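Here is a short briefing on one protein chain. Overall dimensions come before two individual residues.

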Amino acid sequence: MSGQYPLQRRIHDGRPLLVQTGSLSHNTEDSLRAHREGQLWAVEQGVMSAELDTGSWVVPARRIGWIPPGVAHAARVHEATTGWMIYLRPDQSPLFPTVPTVFEMTHLSKALLERIGAWNTERSELTPEQDRLLEVLFDELKNSKATPLFLPMPSSPHLVGMTLTIVADPSNKLTLDDWARRVGMSKRGLTRHFRLETGMSLVQWRIVARMKRALELLAQGDNVGRVALTLGYDSVSTFISAFSAQFGETPGAYTL
């Protein structure tokens, strides 16, 4: 990956970390880039998403996303998103996990982020106390629940076309039989190849695609009923149940 995406620096003066707080809207990127620094995206309100080589990834409110050093991505910050972005020099980056991951934001991790956000980060090195607090934050992430908010993309061109159609219109109600005919495969062959290439069934994949879009629409201020209709749910209650099963809270509670 580093050969395809030359590693770039965000921290140019050797400081151990760079912290941005408040509005995160200026962090949107248009193309995939790999950075030497590790990145923590802590979203207090709103939603962020990232495009990767292998799919797309979303960080909703009250979650913390981790991008390891050297992983190419393009960040998209949806309007009115606030929180913290922390860029960590490679030697300050934790050794876990080695893939992009989304964690729940606990009361402790939020308190630590508030403390870190107030640091003077122009120092050449962290103080012993700052080092300890950063280690506590990493430990809290280790012990926090990881949320499966990654939408993997298949590699076969005909399956890519299918998934792009679903992403463009999450309310699409074509069945597995319909898609099998469209892509010129048997139902069994489509099922097998899709799982091999994404690690998910098509049903699971469509649920994640819908939930990703739901987060974006809710962050834009759409009400629950309109979101349910846009995503093709037969009723608002069905959408609320699906959202609650994925995120552990109702869409109404999520937007509070």
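Predicted model: local features only at pLDDT ≥ 70, side-chain atom pairs only at ≥ 80, totals over all residues.

**Overall build**

Residues are numbered from 1 along each chain as its sequence is written, and side-chain values use heavy atoms, without hydrogens or water.

**Fold**

- The C-alpha trace spans about 60 × 45 × 30 Å along its principal axes.
- There are 9 helices and 11 strands (DSSP runs, H or I of at least four residues and E of at least two, numbered from the N terminus).
- Buried residues make up 48% of the chain (buried is under 20% relative accessible area, exposed over 50%, partly exposed in between; 1.4 Å probe, protein chains only).

**S93**

- S93 sits in the loop between β9 (82–88) and β10 (101–104).
- S93 is buried, at 9% relative accessible area.
- A polar atom of the S93 side chain lies 3.4 Å from the backbone nitrogen of G38.
- A polar atom of that S93 side chain also lies 3.3 Å from the backbone oxygen of L88.

**R62**

- R62 lies in the loop between β6 (55–60) and β7 (63–67).
- R62 is not a glycine, yet has a positive phi of about 65°.
- Most residues other than glycine have a negative phi.
- R62 is partly exposed, at 27% relative accessible area.

Notes. Polar contact = N/O pair within 3.5 Å; in protein donor to acceptor, adjacent residues only side chain to side chain.
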